[in-house]
Amino acid sequence: MRRSLLALTLAIFTLLTACAAPAAEPDSRWDPALKNALGLTPAQRLEDYDYFVKTLKDSYLCLGLRDRENPDDPAEDIFREYREMIEENDSDDAFYSAVYSSLYRLGPYGHLWMIEPEDYYGMLDWCGHEDTSGRERWKELIEASEEQYKTLKAYLDSLGGDEGGGGSQGGGEAGENLHTLLLPEAGAAYLKVDSFLADYDPNYQTEARAIRDFYNAAGDCADLIIDLTDNRGGNEGYWQNLLVSPLIDAPLSCTNYALLADSENNRPYIENVFAPEDLHPIAELPDLPKLNRDGLEAATHFVESTLRVEPAAERAAFRGRVWLLVGPTVYSASESFSVFCQATGFAVLVGAQTGGDGIGALDPVMMRLPNSGILIQFTMMYGLNPDGSSSEEAGTMPDILSPAGEPALVTALRSIREARK
């Protein structure tokens, strides 16, 4: 058995891929020839930037956490520095650089980022071709910015492409996102998923069939390893419908608290998603030992955020133990899967502390800058772990922690071997 598991380890390692490097900070210089590239007046630039800052302060609950982790570069200094840059340079190019650079320095806490043209046009297509019921506010802001995004795209094209090179994580071509290995003689199966595709992605149904076939082929295996160590998230429905639902006989659910700010920006989203009785005043939040309230002054309410997964119409053949490999890359939808697995016992978590921000079960919301039409996304819900610690800040600690320098896979295989003794 030991030789079989070693062979499994060696085979799996050939599947592992490196994570992409983060986007570089944009060049701080700007071209005087692009002074009016976005068609804004000096007053409109400042109005947009002030709106950006005000909305973050009253609607986005991660600023306090962000400043705790970056004490030498507080958000207030960033806001002041780039507002002065806009004042001192009569240029749309300088304005765009100020907004982009502010976001870069604030960091992607709580999905904070600009919606760039490549992603914008995918969202606009969603508005026209998908059922947007329950997402009316998202649709309203996306469609309101169509003309401004034509101008923004032309401006960025003049620079040689999207300025920041950022944007969302995608799935890639069919076959590249899933990696599977089946060793019946070892009684183990391995499935690595690098991204949770949206259900409108052309590869989604292909992967749904591939996972179902793999689960059935693993029917004689005692253990299934699901590897998320390179998975930065995506669509929660992917893991619910494709990974969990085929392997359960009864519904599974977990509930956590999430904070939110009932601000002018957030209120339409809240009204889209929650009934009034779902909202509880922040004063009624139970006493949670690890809740750090610094920077959460804008929070007005909390909700009980519940994730529930129903069994598939037909159960897959695999009926053994499930082990979930996690680490610092695990974030957003892959984090919500980790939280779900630990809370429900669906899988044993193995590896290192995760990246977090998986509690809340709500797509990032947006602010729309009133003159430029630029859309900026952020997580409205500030998820709390059961002890009150921030999901964004603390992530999830695995059930079995890998020793320093040891890959999660090696730890899992050793744990499988010990469990079989």
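Colleague: What volume does the largest cavity have?
Modeller: The largest cavity has a volume of about 50 Å³. A cavity here is a set of points on a 1 Å grid over the protein atoms alone, where a 1.4 Å probe fits but cannot get out. Grid points are joined across faces, edges and corners, and the volume is the space filled by probe spheres set on the points.

Colleague: Where does the model come from, and how are residues numbered?
Modeller: It is a predicted model: local features need pLDDT of at least 70, side-chain atom pairs count only at pLDDT 80 or more, and totals for chains, interfaces and linings use all residues. Residues are numbered from 1 along each chain as its sequence is written, and side-chain values use heavy atoms, with hydrogens and water left out.

Colleague: Back to that cavity. Which residues line it?
Modeller: The lining of the largest cavity is C254, N256, S305, L307, V339, G358, I359 and G360. Lining residues have an atom within 4 Å of a point. Strands β5 (252-260) and β7 (301-309) each give at least two of the lining residues. Strands are DSSP runs of E, at least two residues; helices are runs of H or I, at least four; both are numbered from the N terminus.

Colleague: How many cavities does the whole search find?
Modeller: Two of 30 Å³ or more. β12 (382-383) and α13 (391-394) each supply at least two of its lining residues. This lining has three nonpolar, four polar and two charged residues.

Colleague: New topic: C254. Is it buried or exposed?
Modeller: C254 is buried, at 7% relative accessibility. Buried means under 20% relative accessible area, exposed over 50%, partly exposed in between, with a 1.4 Å probe and protein chains only.

Colleague: Now strands. How many residues of β4 are buried?
Modeller: Five of the five residues in β4 (residues 223-227) are buried. D223, I225 and D227 point one way, L224 and I226 the other. In a regular strand the side chains alternate between the two faces of the sheet.

Colleague: Which strands pair with β4?
Modeller: β3 (residues 188-193) pairs with β4 in the parallel sense over five bridges. Two strands pair if DSSP finds at least two bridges between them. K192 has D227 as its bridge partner in β4. From β3 the chain crosses through helix α9 (residues 204-217) to β4, a right-handed β-α-β crossover. Right-handed means that, with the strands pointing away from the viewer, the path from the first strand over the helix to the second runs clockwise. Strand β8 (residues 321-326) also runs parallel to β4, joined by five bridges. There, V322 is the bridge partner of L224.

Colleague: What order does the open three-stranded sheet have?
Modeller: β1-β11-β10, with antiparallel pairing. β1 (113-114) and β10 (365-368) each have a single partner strand, so one side of each is left without a neighbour in the sheet.

Terms used
1 Å grid on protein atoms, 1.4 Å probe; cavity = no way out; pocket = protein on both sides within 12 Å on 5 of 7 lines; lining within 4 Å. Nonpolar A, V, L, I, M, F, W, Y, C, P; charged D, E, K, R; others polar.
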